[in-house]
Amino acid sequence: MKASVASLYESQFAERVDSLIWDEFVKPWLFERLQTARDNGAQRYLDFACGTGRILKVGHNVFGNAQGIDISESMLSYAKQRVPAAHLHCLDVTRDDNSANEIGAFDCVTMFRFLRNAEPELRRDVLHWLAKHMNKNALLVVNNHGNTTSMLGFIQKLAFWLPDDERNLLSRQQTFDLLTEAGFSVESWDGYRILPSLFGRPILGRRLQTWAERSCRRLGLARFGGELVIVARRN
């Protein structure tokens with residue numbers, strides 16, 4: 001992967017409805033959850049599949065230190081620019097557990113935009129690896145950005161012309177089951193990106209779509225969000 005791919009990923013993200021949902025909803029939600037974890041004694045923080053460091057930066061701002069793992073050197077290079085003080089590891093944990101063991105165990109882990117993108121076997125392997133490298137009662141915050149019970153999920157299930165990885169969706173219960181199987185207990189969840197988008201962009205414009213998303217949430221429609229954010233505890 002060329003270094004420019006990470007920059008392209010960031011520029012595309014900025015134009016999509018995902019950016020709106022992150023800035024207006026998920027980022028403040030995540031910051032609050034990580035602060036609570038820190039206030040309750042969590043110290044060692046990891047962002048798994050950290051990519052360009054968007055989540056990693058939030059974790060670093062809360063904990064004052066952060067570690068990130070990703071298999072892409074170009075993504076890690078971008079993350080290093082975003083969070084210079086973070087300790088980053090280019091590592092495939094399913095193939096090099098010896099190196100991963102040297103990193104130690106964590107009190108709080110985030111993992112965003114991974115479960116939906118990964119193949120079923122890889123999802124299970126990574127969740128079991130995380131459970132193995134987290135302290136008892138450690139907090140895991142994950143997202144599922146391909147919720148089947150959403151307008152996005154409905155459209156993509158009908159879109160037979162899309163490649164398999166584009167239709168690799170997960171229901172809320174399937175996500176819960178994966179976490180439970182790996183040794184986690186789900187504590188809470190929330191849903192965002194309720195309204196549909198047009199080719200990934202907000203159909204109402206950024207300001208109006210933000211207002212409409214808030215209105216949908218007040219009406220109790222979070223379960224139909226295309227993106228679920230889940231808080232789980234290591235048993």
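**Notebook: salt bridges and ring contacts**

I looked up the salt bridges and found 10. I counted a salt bridge where a side-chain nitrogen of Lys or Arg lies within 4 Å of a carboxyl oxygen of Asp or Glu. The model is a predicted one: local features need pLDDT of at least 70, side-chain atom pairs count only at pLDDT 80 or more, and totals for chains, interfaces and linings use all residues. Residues are numbered from 1 along each chain as its sequence is written, and side-chain values use heavy atoms, with hydrogens and water left out.

**Entry: salt bridges**

I took arginine 33 and glutamate 32 to begin with. Their closest N and O atoms are 3.9 Å apart. For exposure I used relative accessible area: buried is under 20%, exposed is over 50%, and partly exposed is in between (1.4 Å probe, protein chains only). Arginine 33 comes out at 26%, so I noted it as partly exposed. Glutamate 32 is also partly exposed, at 48%.

Next I looked at arginine 38. Arginine 38 forms a salt bridge with aspartate 39, with 3.1 Å between the closest N and O atoms. The relative accessible area of arginine 38 is 32%, which means partly exposed. Aspartate 39 has 56%, so it counts as exposed.

Then I checked aspartate 190 and arginine 217. Their side chains meet in a salt bridge at 2.9 Å, N to O. Aspartate 190 is in strand E6 (residues 184–192) and arginine 217 is in helix H9 (residues 206–218), so this pair ties together parts 27 residues apart in sequence. Helices (H or I, at least four residues) and strands (E, at least two) are DSSP runs, numbered from the N terminus. Is aspartate 190 buried or exposed? I have it as buried, because its relative accessibility is 15%. Arginine 217 is partly exposed at 25%.

I also found a network of salt bridges. It links Arg16, Asp18 and Arg113.

**Entry: aromatic pairs**

How many aromatic pairs are there? I count four. The rings of phenylalanine 25 and tyrosine 192 have centres 5.7 Å apart and planes at 40°, so I logged the pair as tilted. My cut-offs: rings of Phe, Tyr and Trp (its six-membered ring) pair if their centres lie within 6.5 Å; planes under 30 degrees apart are stacked, over 60 edge-to-face, and the rest tilted. Phenylalanine 25 is in helix H2 (residues 17–39) and tyrosine 192 is in strand E6, so the pair links distant parts of the chain, 167 residues apart. Both phenylalanine 25 and tyrosine 192 are buried.

Tyrosine 45 and phenylalanine 63 are stacked, at 5.3 Å centre to centre with 10° between the planes. Tyrosine 45 sits in strand E1 (residues 45–48) and phenylalanine 63 in helix H3 (residues 54–63), so the pair ties together parts 18 residues apart in sequence. Tyrosine 45 is buried at 1% relative accessibility. Phenylalanine 63 is buried too, at 11%.

Ring pairs link Phe48, Phe114 and Trp129. Tryptophan 129 lies in helix H6 (residues 120–132). At 7% relative accessibility, tryptophan 129 is buried. Tryptophan 129 and threonine 94 are 35 residues apart in sequence, and 7.7 Å apart in space, C-alpha to C-alpha.

**Entry: charges over rings**

I looked for NZ of Lys or CZ of Arg within 6 Å of a ring centre and within 35 degrees of the ring normal. Arginine 44 lies over the face of phenylalanine 106, at 4.6 Å from the ring centre. Arginine 172 lies over the face of tryptophan 189, at 4.5 Å from the ring centre.
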